[in-house]
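Thanks for coming. I have one model to go through this morning, so please look at the screen.

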Amino acid sequence: MQIGIRLHDTKKGTLEERVAIAEEQGFSCAHLALKKVISEYSVADSALTPGFSCYLKNLFAAHHLDIAVLGCYLNLATPDQAVLEKNVHRYMAHIRMASLLGAGVVGTETGAVNESYSFEERNHSEEAFDIFIKNGRPVVQYAEKMGVILAIEPVYKHIVCNPKRARKVLDEIGSPNLQIIFDPVNLLDISNYKERESIIAEAIEVLGEDIAVIHIKDFIVKDGALVSVAAGTGEMDYTQIIRFIKEKKPYIHTTLENTTPENAVQAKAYIQKLYDTCKINACRLIEEKSGKVRFNYVESNF
């Protein structure tokens, strides 16, 4: 597991200062959302040149950080066709940049069927699903051409709202360049959070082989809604997630979310300790007297 941070959750400063802070705090990777961390110069599509890409690649490498996620969280289901065209163009610009950066994935959520990118019941309809498939397919095809992974992040309030729906997207588009960012808290809502253990288990079972990045945060219940907070400061039990990482996803980029400059190091230490003390089912080969080999699964520290 490689623990990272969203750069826009670090102390305010220039991109260069934020990258240095992430290294100083002991992170090994970062989530980079250009518009959220760069204000001193343009990050318009036309500014995402090979030169800019190489500068960023060298900057992060100098600070021993992977770019786990190049964020491009735009609505691919907006009914405004002009905005949709701009969004698709933006995705393609990010995909080109990611191919030069060596970024792990270009990350995105899955939108809403309105211009405000907000929840409405129609987001969970088959109509919304079909819109996302139609608009998302050419973006994935472009990612294939550029040798980049596009990773979608299922979110309860968005079109891809649960593990089975995410599995259906992967199967319908059918591309190895389309994978998953798994954020367990984003699958929860005030209506289902008490069933979080079964929801997380289903996500691991249904999506596990295609999970490319994991987001880690926590939540509290406040005023009848879930509020996202830093890992270790809310109600989450990470046992299933950490065991999944340790058993199935060595060195996966695991980025913290909703931290503050004051609690980021504490959140990282909390998750790292869980990982270090996690016991998993290790496979032991046992040769029987008959010459046959069987597998015996025993709990052990990995």
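At what angle do the axes of helix 7 and helix 8 cross? Before I answer, the ground rules. This is a predicted model, in which local features need pLDDT of at least 70 and side-chain atom pairs count only at pLDDT 80 or more, while totals for chains, interfaces and linings use all residues. Residues are numbered from 1 along each chain as its sequence is written, and side-chain values use heavy atoms, with hydrogens and water left out.

Now the answer. Helix 7, residues 196-207, and helix 8, residues 239-248, cross at roughly 20°, and their axes come within 10 Å. Axes here are lines fitted to C-alpha atoms, for helices over the stretch in contact, and angles run from 0 to 180 degrees between N-to-C directions. The angle makes helix 7 roughly parallel to helix 8; angles under 35 degrees count as roughly parallel, over 145 as roughly antiparallel, 65 to 115 as roughly perpendicular and the rest as oblique. The crossing of helix 7 past helix 8 is right-handed, meaning that the near helix is turned clockwise from the far one by less than a right angle.

On the helix 7 side, the contact (heavy atoms within 4.5 Å) is made by Glu197, Ile200, Ala201 and Ile204, and on the helix 8 side by Gln240, Ile241 and Phe244. By class, that is five nonpolar, one polar and one charged. Ala, Val, Leu, Ile, Met, Phe, Trp, Tyr, Cys and Pro count as nonpolar, Asp, Glu, Lys and Arg as charged, and the others, Gly among them, as polar.

Helix 7 also packs with helix 6, residues 163-173, at about 15° with the axes 9 Å apart. That makes helix 6 roughly parallel to helix 7, and this crossing is right-handed. Helix 6 contributes Pro163, Lys164, Ala166, Arg167 and Leu170 to the contact, and helix 7 contributes Ile199, Glu202, Ala203, Val206 and Leu207.

Next, the strands. Strand 8, residues 218-222, and strand 9, residues 225-229, run antiparallel and are joined by five bridges; strands pair if DSSP finds at least two bridges between them. Lys222 has Ala225 of strand 9 as its bridge partner. The two strands form a hairpin with two residues between them, and Asp223 in the turn has a positive phi of about 50°.

Finally, the whole chain. There are nine helices and 12 strands, which are DSSP runs (H or I, at least four residues, for helices; E, at least two, for strands) numbered from the N terminus.
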